[in-house]
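Hi there,

I am passing this structure on to you, with some notes on what turned up in it. Have a look at it first, and then read on.

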Amino acid sequence: MTINRRTFGTRMAGAALGLALALSSVALPAPAMAAGFPEKSVTLVVWAGAGGALDTYGRKLAELLEKESGWSVKVDNRPGGSGAVGVSQIMTQPADGYNILVFTGTLTFGIAQGLIPFELKDFRMLRAMQSEPSSLAVLSDSPFKSVDDFVKYMKENPSGLKVGGHAPGGFHQYMLYQLMKSGGFESGWIPHDASGKVTLALLGKHIDAAMMTPSTGLAQVKNGDIKLLGVSTDKRSEFLPDVPTFKEQGYDIEGAVWRGIAVKAGTPDDVVTSIQAAVDKVTASADWKKFQTEQFQDSPNWNEEEFTKRAESDLSSQLEFLKANGYAQ
Amino acid sequence: MDGILQSLGVIFSFSGLAVLIIGALLGIVIGALPGLGPSIGLSLLIPFTYNLGPELSMLMMISLYTSAEYGGSISAILLSTPGTAAAAATAIDGYAMARKGKANEAISISLTASTVGGVFGGLALLLLAMPLASLALKFGPAGYFAVGVFGLTSVAALSGGSLVKGLVCAAFGLALATIGIDPIAGTPRFTFGLFELYEGVPFLAALIGLFAVSEALVMIENRVAAAPVIKDKVGHVFMSGALWKETWRSMLSGSVIGTLLGILPGVGGNIACWVARDYARARDPHPEEYGHGSANGIAAPEASNNATVGGALVPLLALGVPGSPTTAIMVGALIMHGLHPGPQLFTEAPSLVYAILFGTIIASLVQYAAGSLFLPLMARVMRLPDAVIAVGIMAFAVLGAFAIRNLMFDVYLMLGFGVVGYLMKKLRFPVAPIVLAMVLGYLVESNYRTALVSSQGDYMIFITDPVSLLFLVLSLVSLLTPLWRALQARRARRIDVDEAANGTVR
């Protein structure tokens with residue numbers, strides 16, 4: 001009943017808009033396919049609103065699944081509830097692979113904080129396709145030249161600098177917490193509700209240092225207004241060859257926000273195999289590689305086993321961080 | 001120079017004008033539909049711009065963005081249903097004017113003011129992008145807090161007859177704004193365990209319910225009343241010289257306010273419209289007309305919400321940082337074309353930058369032309385019987401609430417707000433202060449607390465921060481001016497009485 005009503009609503013929206021919605025979301029006739037998955041159009045449930053980084057990824061994936069694998073795909077934006085709305089959407093559908101969740105690494109934070117009322121074992125984490133690190137950023141006129149300088153200052157002046165970034169209790173604060181543990185210092189955290197505001201706060205000197213995704217302040221990083229002291233990748237990023245990693249500087253910190261796809265647990269193996277094969281065609285395509293470069297995205301391309309292991313270890317260490325900072329019980 | 005010529009060549013080519021016109025028509029329709037606004041419009045448009053090349057796709061997006069800011073006023077005026085959050089302030093006087101049979105006049109004021117505001121914002125962007133960008137950097141959390149407080153002082157102006165009722169409604173709105181994930185502590189508050197409320201009460205659901213559904217319910221109740229008489233001749237687009245003379249000041253002040261507020265990240269047309277209306281009202285020799293169909297009560301907010309478009313593009317072009325969800329989508333589109341916004345664009349792709357700069361101005365002019373096509377058609381809506389209008393409002397309200405997040409929850413919430421709004425109208429409580437307080441509540445609270453976190457609890461930050469000090473002083477002035485005027489009026493009356501008693505003649 002609910003489903004019917006939703007479909008009806010979608011149609012009403014489509015009719016009212018006339019063109020755009022109808023053309024982008026209604027399935028195109030699928031080309032002739034071998035028997036097996038998919039026999040009908042597949043829905044990518046994006047747990048964020050249209051237009052953001054996750055949506056851009058979801059729509060590119062949809063486009064290339066159609067182009068490279070001959071699927072017919074529609075994108076369904078289900079923002080809200082820190083991801084809980086999107087997760088609930090796939091959990092209320094059958095485990096048949098026709099509803100694929102497009103989501104980010106904040107899943108584990110959401111589960112740890114109790115915001116997303118599901119567990120990792122409710123998912124089959126199929127593939128992590130994009131990832132972006134965090135970095136320690138200061139203005140170019142800052143006296144700090146390295147992570148060591150920053151850590152030394154913070155040790156001598158506990159909470160002596162205003163350090164901030166996107167969201168309270170999220171990935172970037174988690175990376176700062178790792179740095180605090182590794183460097184043995186204390187720091188406060190000034191949360192911002194949009195990543196663009198972090199760059200502006202740093203440029204306007206409302207904060208002294210930021211933990212942020214390098215691409216957030218890309219223009220300023222490139223023209224030298226913002227200096228990155230360290231980046232949380234394992235090896236130097238191909239997009240930022242001049243920025244040393246935390247690891248190189250003796251701080252054993254590595255982490256990234258990933259974006260990927262998952263289906264409901266219980267989805268049969270043969271369906272998952274078909275999805276994996278289709279995604280392989282996407283990641284092998286020149287279009288995808290070009291897209292990743294333009295978006296400054298690393299391609300972790302973790303398979304199900306590795307992705308799941310990664311998510312599990314993220315969850316346990318983030319739970320510890322959240323408890324230590326009062327974000328979770 | 002080459003860049004300028006190239007960009008003008010693109011804009012005035014056949015395809016350039018075509019995308020501008022298509023963008024404007026789409027924008028007006030999307031803006032007029034409640035729930036669909038510029039950001040949803042742009043995200044729907046993006047896939048169709050892949051093959052257009054960066055200049056054309058930016059032109060189309062800017063045109064849609066600009067016209068959607070205007071389109072929101074159409075349903076605000078005709079149906080008391082703000083099509084976008086930025087048209088909420090317009091609904092008050094626009095709808096009042098339309099009910100007086102002057103729908104055509106109201107729409108032509110809003111179209112003209114929107115165009116003036118859009119051109120003004122575009123000129124500011126063209127001439128002052130770099131210096132204005134530094135403004136975005138001056139505002140820290142304390143500054144944003146003070147701007148929000150300043151906005152809240154306009155509650156008195158929105159209260160209609162009773163200030164107490166206005167304050168009750170504002171307090172209700174502020175309370176609603178505390179629902180959702182705590183901006184500093186990151187934990188859910190007052191959500192009743194519903195994850196639909198994590199991001200707070202969806203503002204559009206409240207807006208549509210309070211303004212539109214409540215009005216439809218009142219209409220249905222009064223259905224025996226005759227259809228409103230149209231006194232106005234339908235179909236003229238141009239504003240009369242007298243109207244120009246009456247409204248040019250509020251158009252100008254609205255344009256300046258919109259441009260400046262548009263530059264600030266997170267502050268867009270939805271806040272600018274209230275500030276502009278309040279400013280115009282404070283300066284108006286006839287403030288009592290506001291709320292009863294004042295022309296300036298349409299001109300000021302409509303000029304301001306379109307001026308935010310030029311303002312919002314300032315940080316995008318000058319700093320490479322999007323200041324609003326809508327401009328964030330434009331960044332996404334640029335990246336799709338392999339370009340990264342920021343100051344380096346001026347050297348890497350000058351023709352694109354100039355296409356955006358000139359396009360912002362020209363899109364406003366195209367919007368005027370496209371809007372005037374719609375105008376005679378739109379004004380006729382008011383000739384429909386109330387019963388038809390009421391049903392139409394309900395249909396659009398449900399559609400718009402559902403379109404926010406594709407959740408039935410938002411539809412039920414919207415209907416709930418509709419009942420609340422209906423009861424409030426019966427009891428003569430004003431609904432506008434709730435909406436204002438919901439818009440500003442989050443801005444005020446999150447920035448107040450962020451400021452205190454960054455000052456480690458020292459309240460002096462609100463005084464030592466120059467921007468904060470400025471706006472707090474302005475807020476005080478705004479609060480005390482009516483008191484001062486009332487005192488003076490009383491004194492003047494007393495003198496009159498005394499004079500009358502003494503039998504002196506002036």
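Helices here are DSSP runs of H or I with at least four residues, and strands are runs of E with at least two, numbered from the N terminus. Counted that way, chain A has 12 helices and 10 strands. Please keep in mind that this is a predicted model.

**Chain A**

Of the 329 residues in chain A, 52% are buried. If you take the contacts in chain A between residues at least 6 apart in sequence, 75% of them join residues at least 24 apart.

Chain A is split into two parts: domain 1 covers 43–132 + 257–323, and domain 2 covers 135–254. The centres of these domains of chain A, taken over C-alpha atoms, lie 27 Å from each other. Where they touch, domain 1 of chain A contributes 11 residues and domain 2 of chain A contributes 9 residues. On the domain 1 side, α5 (106–112) and α12 (304–324) of chain A are the elements that give two or more residues, and α12(A) has the largest share, with 3 residues. That side of domain 1 of chain A consists of 5 nonpolar, 4 polar and 2 charged residues.

**Where the chains meet**

**Chain B: a covered helix**

Helix α5 of chain B (residues 88–99) has 12 residues and spans 17 Å from its first C-alpha to its last, close to the expected 16 Å. Is this helix mostly covered or mostly open? It is mostly covered, with 11 of the 12 residues of α5(B) buried. Among the buried ones are Thr90(B), Asp93(B), Tyr95(B) and Met97(B). The cover over the buried residues of α5(B) includes α4 (54–79), α6 (103–138), α10 (203–221), α12, α13 (296–319) and α19 (432–454) of chain B. Just after α5(B), Gly101(B) has a positive phi of about 90°.

**Chain B: a helix pair**

Helix α11 (residues 241–263) and helix α12 (residues 269–283) of chain B have axes that come within 9 Å and cross at roughly 145°. The crossing of α11(B) and α12(B) is right-handed. From α11(B), the contact residues include Ser250(B), Gly254(B), Ile257(B) and Gly258(B), while those from α12(B) include Ala272(B), Val275(B), Ala276(B) and Tyr279(B). By class, this contact between α11(B) and α12(B) has 8 nonpolar, 5 polar and no charged residues.

Val314(B) sits in helix α13 of chain B. Why does Val314(B) count as buried? A residue is buried if 20 or more other C-beta atoms lie within 10 Å of its own, and Val314(B) counts as buried because it has 27 C-beta neighbours inside 10 Å. Leaving aside residues up to four places away in sequence, Val314(B) touches Leu125(B), Ala129(B), Leu132(B), Ala133(B) and Ile263(B). Val314(B) and Leu128(B) are 186 residues apart in sequence, but 8.6 Å apart in space, C-alpha to C-alpha.

Best wishes

How values were computed:
Residues are numbered from 1 along each chain as its sequence is written. Chains are lettered from A and ligands numbered from 1 in the order in which they are written. This is a predicted model: local features need pLDDT of at least 70, side-chain atom pairs count only at pLDDT 80 or more; totals for chains, interfaces and linings use all residues. Axes are lines fitted to C-alpha atoms, for helices over the stretch in contact, and angles run from 0 to 180 degrees between N-to-C directions. A crossing is left-handed if the near helix is turned anticlockwise from the far one by less than a right angle, and right-handed if clockwise. Two residues are in contact if their C-beta atoms, placed from the backbone, lie within 7 Å. Ala, Val, Leu, Ile, Met, Phe, Trp, Tyr, Cys and Pro count as nonpolar, Asp, Glu, Lys and Arg as charged, and the others, Gly among them, as polar. Domain bounds come from an automatic or database domain assignment. The expected span of a helix is 1.5 Å times one less than its number of residues.
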